[in-house]
Amino acid sequence: MNAVGIDVSKGKSKVAIIRSFGEVVAKPFDIMHFPDQLAELAEYIHSLEGESRVVMEHTGKYSEPIANFLCGAGIFVCMVNAKLIHDYGGDTIRRDKTDKVDALKIAGFCLDKWAKLSRYEPTPDNRRMLKTYNRQLSEYTKIKTMLKNNLISLLDQTFPGANELFSSPAREKDGHEKWIDFVAAFPHCHCVASLSRERFAAKYEKWCRKNRYNFCPHKAAEVYSAALNCLPTLPNNDFATNLIIQMVNQLNNLCQTVAGVKAEMSNLAIALPEYDTVFAMHGVGKTLAPQLIAEIGDINCFPKRSSLARFAGIEPPSNQSGTYNQHSRRISKQGSPHLRKALFQVMCCVLQNSNLNEPTFQFIDRKRSEGKPYKVYMIAGANKFLRIYYSRVKECIEKLEKSDILLEQTA
């Protein structure tokens with residue numbers, strides 16, 4: 001048995017190979033992440049006597065190219081959560097932290113857990129792209145929120161309350177929001193208050209038609225009344241107008257980017273076999289369905305329903321010793337924060353819809369009626385939702401696999 005431990009870092013990795021009883025086959029050495037050096041490493045591993053297995057920490061974009069290359073070369077590769085390696089006990093109480101020590105530690109972990117190692121399977125390109133898009137969407141959304149807050153703080157000095165005048169959702173095509181486009185045309189309350197009520201209504205109607213927004217006469221009267229009651233702190237001049245317009249342009253450009261990312265995610269998710277099943281679930285729409293599929297990935301990677309809850313980090317870990325058994329426990333949070341965020345958004349949609357025939361809402365409503373706190377019944381509902389998700393998607397995948405086998409047999 002040849003245990004190969006690879007400590008992956010950016011641009012290069014440290015490799016160590018050991019056997020049973022502490023025999024060192026190869027002292028820790030460096031390899032660069034170049035195809036020729038990785039090919040030499042794969043050839044060297046194949047030349048070793050006996051079975052060889054490679055273990056490395058799952059560090060995302062750094063470790064996946066190495067794992068994919070070695071898997072393509074026919075080598076057994078196992079990707080391990082970094083926390084398991086960190087908690088793995090060594091043979092010393094000193095806290096040495098070097099690449100050589102880490103590589104030997106990973107190789108020792110490989111040797112000790114030899115029988116429990118699971119083979120790494122490369123993620124299909126469409127699922128990898130979908131997950132990458134979702135992570136980018138998360139970053140863009142953070143920046144979008146920051147820009148919105150900045151724009152609102154500027155409007156508090158020129159047109160207080162302008163962001164609350166319209167409640168229209170963002171347009172699906174370009175991501176524009178009505179209140180953002182409105183303040184680009186009317187950046188200061190005096191731009192509205194200086195006009196007569198009839199003249200503003202006509203100008204507002206013309207603006208709505210030009211920007212493809214619905215026009216309502218009572219909304220024009222509401223906006224005009226709000227502008228008359230404003231107390232701005234910045235004057236209505238070119239400097240204040242330029243500040244608002246620059247911020248609106250940045251925000252609209254980002255909104256268009258977010259809308260484009262969501263469209264690409266939908267196109268990628270629709271091609272996956274479980275999309276229709278996930279989209280049909282209550283609380284899941286065009287936006288959340290791709291996000292759930294992106295973060296959960298292939299359902300066959302989870303051997304049972306509880307594994308999916310553990311992956312999300314929303315399952316309370318057991319705490320029992322002797323006669324003591326703790327019943328009220330916090331969730332572990334040792335999982336994907338992106339998946340937990342998507343699940344929280346799904347639970348919010350389930351509560352808003354309040355479908356009495358929907359199992360997840362029935363479960364949440366029962367917990368709520370028992371007097372459970374908000375976070376408790378939301379997490380309990382997320383657990384219930386994941387169990388339903390696992391069962392339905394698993395059943396859908398199995399049906400598709402059976403139909404494919406029948407088609408092959410008939411052909």
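**Pockets, cavities and crossing helices**

Mentor: Start with the lining of the second largest pocket: its residues divide into 14 nonpolar, 4 polar and 11 charged. Remember that this model is predicted.

Trainee: How big is the second largest pocket, and which residues sit closest to its centre?

Mentor: Its volume is about 940 Å³. It is lined by 29 residues, and Ile314, Ile331, Lys375, Val376 and Ile379 are the closest to the centre.

Trainee: Now the largest pocket. What is its volume?

Mentor: About 2,200 Å³. Its lining has 46 residues, and His58, Met79, Asn81, Lys131 and Phe311 lie nearest the centre. Among the elements giving two or more residues are helix 2, strand 5 and helix 3. Helix 5 gives the largest share, 5 residues. By class, the lining has 19 nonpolar, 13 polar and 14 charged residues.

Trainee: Some spaces are called cavities instead. What makes a space a cavity and not a pocket?

Mentor: Ask whether the probe can get out. In a cavity a 1.4 Å probe fits but cannot get out, whereas a pocket is open. In this model, 2 cavities of 30 Å³ or more are counted.

Trainee: Which residues line the largest cavity?

Mentor: Met281, His282, Glu358, Thr360, Phe385, Ile388 and Arg392. Helix 16 brings the largest share, 3 residues.

Trainee: How do you know that Phe385 belongs to the lining?

Mentor: The cut-off is 4 Å: a lining residue has an atom within that distance of a grid point. Phe385 is listed in the lining, so it meets that cut-off.

Trainee: How do the classes divide in the largest cavity?

Mentor: Into 3 nonpolar, 2 polar and 2 charged.

Trainee: And what about the second largest cavity: what is its volume?

Mentor: About 30 Å³. Asp7, Ser9, Lys12, Ser13, Lys14, Asp30 and Asp99 line it. Strand 2 gives the largest share, 3 residues. This lining has no nonpolar residues, 2 polar and 5 charged.

Trainee: On to the helices. At what angle do helix 13 and helix 16 cross?

Mentor: At roughly 130°, and their axes come within 9 Å.

Trainee: What is the angle between helix 6 and helix 8?

Mentor: Roughly 125°, with the axes coming within 12 Å. That angle also falls between 115 and 145, so helix 6 and helix 8 are oblique to each other. Their crossing is right-handed.

Trainee: Which residues of helix 6 and helix 8 meet?

Mentor: Lys178, Asp181, Phe182 and Ala185 of helix 6 meet Phe200, Tyr204, Trp207 and Cys208 of helix 8. The classes are 6 nonpolar, no polar and 2 charged.

Trainee: Last pair. How do helix 12 and helix 14 pack?

Mentor: Their angle is about 150° and their axes are 9 Å apart. Angles over 145 degrees count as roughly antiparallel, so this pair takes that label. Helix 12 passes helix 14 in a left-handed crossing. Leu288 and Gln291 of helix 12 and His338 and Leu339 of helix 14 are among the contact residues. The contact divides into 8 nonpolar, 3 polar and 1 charged.

Definitions and conventions
Residues are numbered from 1 along each chain as its sequence is written. This is a predicted model: local features need pLDDT of at least 70, side-chain atom pairs count only at pLDDT 80 or more; totals for chains, interfaces and linings use all residues. Side-chain values use heavy atoms; hydrogens and water are left out. On a 1 Å grid over the protein atoms alone, a cavity is a set of points where a 1.4 Å probe fits but cannot get out, and a pocket is an open set with protein on both sides within 12 Å along at least five of seven lines; lining residues have an atom within 4 Å of a point. Grid points are joined across faces, edges and corners, and a volume is the space filled by probe spheres set on the points. Helices (H or I, at least four residues) and strands (E, at least two) are DSSP runs, numbered from the N terminus. Ala, Val, Leu, Ile, Met, Phe, Trp, Tyr, Cys and Pro count as nonpolar, Asp, Glu, Lys and Arg as charged, and the others, Gly among them, as polar. Axes are lines fitted to C-alpha atoms, for helices over the stretch in contact, and angles run from 0 to 180 degrees between N-to-C directions. Angles under 35 degrees count as roughly parallel, over 145 as roughly antiparallel, 65 to 115 as roughly perpendicular and the rest as oblique. A crossing is left-handed if the near helix is turned anticlockwise from the far one by less than a right angle, and right-handed if clockwise. Contact means heavy atoms within 4.5 Å.
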